[in-house]
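Keep the viewer open as you read.

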Amino acid sequence: MKIYHNPRCKKSRAGLAYLEEKGFKFEIIDYIKNPLSESEIGELIQKTGLSADQLIRKQEDFFKKELKGKTLTHKEWVKAIASEPKLLQRPIVVNGEKAVLANPPENINNII
C-alpha cells in the first residue's frame, strides 16, 4: 500500500492516521518534496477511475489564477499537476491496481 501524502495538509494527515490506526503496512510518498512524473500521475488517475480534473484542488491559488475557467485536455491536466504538485487532491491511497482519494479516510476501505 502507498499513500501520496502532503504533511502540511490536515486531510492528508487524517488519511495517514487512519492507515496507522488500522495497522496497515504502507509506504509514504511525499509528492510535494518529490514531484511525480506525468506517467506516474496518469497511472494514479487510471487506478482511481476518476478523471484528471476530478483530482485537481480547485481551492489552490495556482488553479484560481492560471486554470479557472479553462477547458483542458486530460494530458494538459496531467502536465499541470506535474508542474504544480499542490494541485493534486490528497491523500491518494494505492493498493495494488486500485487507488482511492482518501477524503474522508474511510474511503480507504473501498480498496482493501
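Four strands form an open sheet in the order E2-E1-E3-E4, with mixed pairing. Strands here are DSSP runs of E with at least two residues, helices are runs of H or I with at least four, and both are numbered from the N terminus; two strands pair if DSSP finds at least two bridges between them. The edges belong to E2 (27–30) and E4 (98–101), and because each has a single partner strand, one side of each is left without a neighbour in the sheet. From one strand to the next, the twist averages 20°. Before going on, note that this is a predicted model, in which local features need pLDDT of at least 70 and side-chain atom pairs count only at pLDDT 80 or more, while totals for chains, interfaces and linings use all residues. Residues are numbered from 1 along each chain as its sequence is written, and side-chain values use heavy atoms, with hydrogens and water left out.

Now look at E1 (residues 2–5), which runs parallel to E2 and is joined to it by four bridges. His5 lies in E1, and its bridge partner in E2 is Asp30. With 5% relative accessibility, His5 counts as buried (under 20% relative accessible area; exposed is over 50%, partly exposed in between, with a 1.4 Å probe and protein chains only). Leaving aside residues up to four places away in sequence, His5 touches Ser12, Arg13, Leu16, Ile28, Ile29, Asp30 and Tyr31, where contact means heavy atoms within 4.5 Å.

H2 (residues 38–48) lies across E1, E3 and E4 and runs at about 90° to E4. The axes behind such angles are lines fitted to C-alpha atoms, for helices over the stretch in contact, and the angles run from 0 to 180 degrees between N-to-C directions.

You will find Leu88 in the loop between H4 and E3, where it is buried, with a relative accessible area of 2%. Not counting residues up to four places away in sequence, Leu88 touches Tyr31, Leu36, Leu44, Leu55, Arg57 and Ile81.

The largest pocket holds about 160 Å³ of space. Its lining consists of Lys2, Tyr4, Ile29, Leu36, Glu40, Glu43, Leu44, Lys47 and Val94, and H2 supplies the largest share, four residues. On a 1 Å grid over the protein atoms alone, a pocket is an open set of points where a 1.4 Å probe fits, with protein on both sides within 12 Å along at least five of seven lines; lining residues have an atom within 4 Å of a point. Points are joined across faces, edges and corners, and the volume is the space filled by probe spheres set on them.

Finally, check the backbone at two prolines. The peptide bond from Arg90 to Pro91 is cis, with omega near -10°, and Pro91 sits in the loop between H4 and E3. Asn103 and Pro104 are also joined by a cis peptide bond, with omega about 10°; Pro104 belongs to the segment after E4.
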